Amino acid sequence: MFARVSAYQADEDSERLMEAFQDTIGPLQQVEGFSHAYFMVDADTGRAVSMTIWESEAAMAASEAGGEERRRRRSEISGASVDSVD
């Protein structure tokens, strides 16, 4: 198993960031090698972290192009910024 962790900062409504994650999880489930994902939000600070779990390093690497688009979409919908991707 391999994981990609992305950190976000929501300046205003962290609830919108949670909704944006839920909107993008459906297409993610169609990506070959995807196992599951977690999303956590601290409503007090607006900090959020997503973790996607992959069956192999190759599957995780192959998903990166779509991952960039999903992060961009989450940011646009929620008004949050992406702090890091590891």
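A salt bridge is a side-chain nitrogen of Lys or Arg within 4 Å of a carboxyl oxygen of Asp or Glu. This is a predicted model, in which local features need pLDDT of at least 70 and side-chain atom pairs count only at pLDDT 80 or more, while totals for chains, interfaces and linings use all residues. Residues are numbered from 1 along each chain as its sequence is written, and side-chain values use heavy atoms, with hydrogens and water left out.

Q: Which residue of strand 1 does E64 tie to helix 3?
A: Helices (H or I, at least four residues) and strands (E, at least two) are DSSP runs, numbered from the N terminus. E64 belongs to helix 3 and its partner to strand 1 (residues 2–9), so the pair ties together parts that are 60 residues apart in sequence. The side chains meet in a salt bridge at 2.9 Å, N to O, and the partner of E64 is R4.

Q: Is R4 buried or exposed?
A: Buried means under 20% relative accessible area, exposed over 50%, and partly exposed in between (1.4 Å probe, protein chains only). E64 has 26% relative accessibility and therefore counts as partly exposed. The relative accessible area of R4 is 8%, so R4 is buried.

Q: How far apart are the closest N and O atoms of R47 and D83?
A: R47 lies in strand 3 (residues 47–54) and D83 in strand 4 (residues 81–85), so this pair links distant parts of the chain, 36 residues apart. R47 is partly exposed at 40%, and D83 is partly exposed at 42%. In their salt bridge, the closest N and O atoms are apart by 3.0 Å.

Q: What is the direction of helix 1 and helix 3 relative to each other?
A: The axes of helix 1 (residues 14–28) and helix 3 (residues 64–78) come within 8 Å and cross at roughly 150°. Axes are lines fitted to C-alpha atoms, for helices over the stretch in contact, and angles run from 0 to 180 degrees between N-to-C directions. Angles under 35 degrees count as roughly parallel, over 145 as roughly antiparallel, 65 to 115 as roughly perpendicular and the rest as oblique. Helix 1 and helix 3 are therefore roughly antiparallel.
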